[in-house]
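Subject: Structure handover and what was found in it

Dear colleague,

Please find below the structure I promised to pass on to you. After it I have set out what was found, so that you can follow each point in the model as you read.

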Amino acid sequence: MTGSLLICRSFAWTLALVFFATAVSGCVSFKEIKAFASVSANAASHDALTRNYIEAPDRRKQYQPEKFHGELEAQKARREAQRASLDLLQQTVTDYMQALEGLATGDIRPYDKSLTNLSSDLNDATLLDRNEKEAVEALSTILARTVTATYRLHELKKIVEESNQPLLDIISATRKIVKKGIAPDLQVESTLVERYYDNFMLAPDNPPEPVAMALAKEVRAEALGRLENRLRSIQAYGVVLEKIAGGHQYLYDHRDMIGDDEFGRQLKQYTGELRAAYKSLLDISRE
Amino acid sequence: MDKLSPDDAFELGNQFREAAIALGDWRLRNRAGLSKAQWEELDDQEIALLNTASGIFTSAIGAILTDSQPALAGLKSSVKSAKSAIKHITGFKEALDLASALLLLAGAVYSGNAAIIPAGIVALQDAAEAILASDEPDA
């Protein structure tokens, strides 16, 4: 009698635990965090940004007399020395977003497989029938996933809370470099190109050569077009960074709502805007 | 004198560029009255101004990179924590312990082996509590 009662209680306790597991695992979804982090990780690094910035002094040699080339070489060396730090700014954001994505994704497949093996071994020993064996496997997997989800939720909140300020600081620094440093520097290059071809066409004592003038105008327009494309590209990258910062700020402000439907809907909007900004950047880069 | 802030330096760079553009516009407007030597002299000055602007932008970017070091260190630390957490999930032994404890108990219940049920209950409770109370899994 006592043994039967104990069996009944244990079974009830197990069922309660399983129902709890099913309920909790059904509530917590990190799908939208995963999507946001995944797009952010891809969009955060813009390789051409650093490369174009460092190569700029070399490009400008063709528009300046040789006596300025030494100065341009020195400037290239100063920029080369900044390469690692510039790359690190972008790479750190990418690394963080990949880590966030990994945390949101988890990795429960090998874990499920181990459970299946364990379940089979145990069932062989206790002589459960096939239906019982399947039921135990299914319920065990649900419970294991729930514990993983609970742990991941805890870690996600912690990481988002700790990272928000440094992430925003880094994005702000990168945006400032792009907007106030690299973009105006490209405008300097545009000015150099304009002057170079204007000089060719308008310098005193230059004989009027209609064919050469027409060619110069064409080459001038092409060179300025390339620079305009670079400028649009880094402006688009600035928008991408702004969207990453906005999405992460939302994540931070609503970290206690992670897993909630409304949270997922809102974050999806941020991800959609980021995706559109990234697509625009890619489109410009391909032109 | 205090060092220029990056913002001040960016502004100064823009002023150099604008000065070079203004000088170039003047040179083109007045080209009829300039000798070749005067034209070239002004041309060189404009190039020097533009290269100076570019040099100032390079310095200001360097200053921002230096200022960003504390934020970079903070974020890198968070990245490390996140990676550690991911590693923890991948080899999530506690959860396996819990699942196996559940299987043991369920197996005992189904098979009617009452002798192992109390031990199964304790094992299951211990595993669940250990995981749910685990705030610092790597500590």
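Over all chains of this predicted model, the count of aromatic pairs comes to six. One of them joins Tyr63(A) and Tyr197(A), whose ring centres lie 6.4 Å apart with the planes at 65°, and because an angle over 60 degrees counts as edge-to-face, this pair is classed as edge-to-face. The two partners come from distant parts of the chain, since Tyr63(A) sits in the loop between H3 and H4 of chain A while Tyr197(A) belongs to helix H6 of chain A, 134 residues apart. Tyr63(A) has a relative accessible area of 9% and is therefore buried, and Tyr197(A), at 10% relative accessibility, counts as buried as well.

A further aromatic pair is formed by Tyr250(A) and Phe263(A), which is stacked, with 5.8 Å from centre to centre and 20° between the planes. This pair, too, links distant parts of the chain, with Tyr250(A) in helix H7 of chain A and Phe263(A) in helix H8 of chain A, 13 residues apart. Tyr250(A) is buried at a relative accessible area of 7%, and Phe263(A) counts as buried at 2% relative accessibility. Returning to Tyr63(A) and Tyr197(A), ring pairs link these two residues and Tyr196(A) into a cluster.

As for the fold of chain A, there are eight helices and zero strands, so that the elements from the N terminus on read α-α-α-α-α-α-α-α. Of the 287 residues in chain A, 47% are buried. When contacts in chain A between residues at least 6 apart in sequence are taken together, 82% of them join residues at least 24 apart.

The largest nonpolar core has 73 residues, and those that touch the most other members are Ile33(A), Met97(A), Leu100(A), Ile177(A), Ile234(A) and Ile61(B). Two or more residues each are given to this core by helices H2 (31-43), H3 (47-60), H4 (69-105), H6 (130-202), H7 (210-253) and H8 (261-286) of chain A, together with helices H1 (6-29) and H2 (36-67) of chain B. The largest share, 20 residues, comes from H6(A).

Turning to open space, the largest pocket has a volume of about 300 Å³. Its lining is made up of 23 residues, and His46(A), Ala48(A), Asn52(A), Ser233(A) and Ser285(A) are the ones that lie nearest its centre. Helices H3, H6, H7 and H8 of chain A are the elements that give two or more residues to the lining of this pocket, with the largest share, eight residues, coming from H3(A). Sorted by class, the lining has eleven nonpolar, six polar and six charged residues.

With best wishes

Technical notes. Residues numbered from 1 in each chain as written. Chains lettered and ligands numbered in written order. Predicted model: local features only at pLDDT ≥ 70, side-chain atom pairs only at ≥ 80, totals over all residues. Heavy atoms only, no water. Core = buried A, V, L, I, M, F, W, Y, C linked by side-chain atoms within 4.5 Å. Buried < 20%, exposed > 50% of the residue type's maximum accessible area, 1.4 Å probe, protein only. Helix = DSSP H or I, 4+ residues; strand = E, 2+ residues; numbered from the N terminus. 1 Å grid on protein atoms, 1.4 Å probe; cavity = no way out; pocket = protein on both sides within 12 Å on 5 of 7 lines; lining within 4 Å. Points joined across faces, edges and corners; volume = space filled by probe spheres on them. Nonpolar A, V, L, I, M, F, W, Y, C, P; charged D, E, K, R; others polar. Phe/Tyr/Trp six-rings, centres within 6.5 Å; stacked < 30°, edge-to-face > 60°. Contact = heavy atoms within 4.5 Å.
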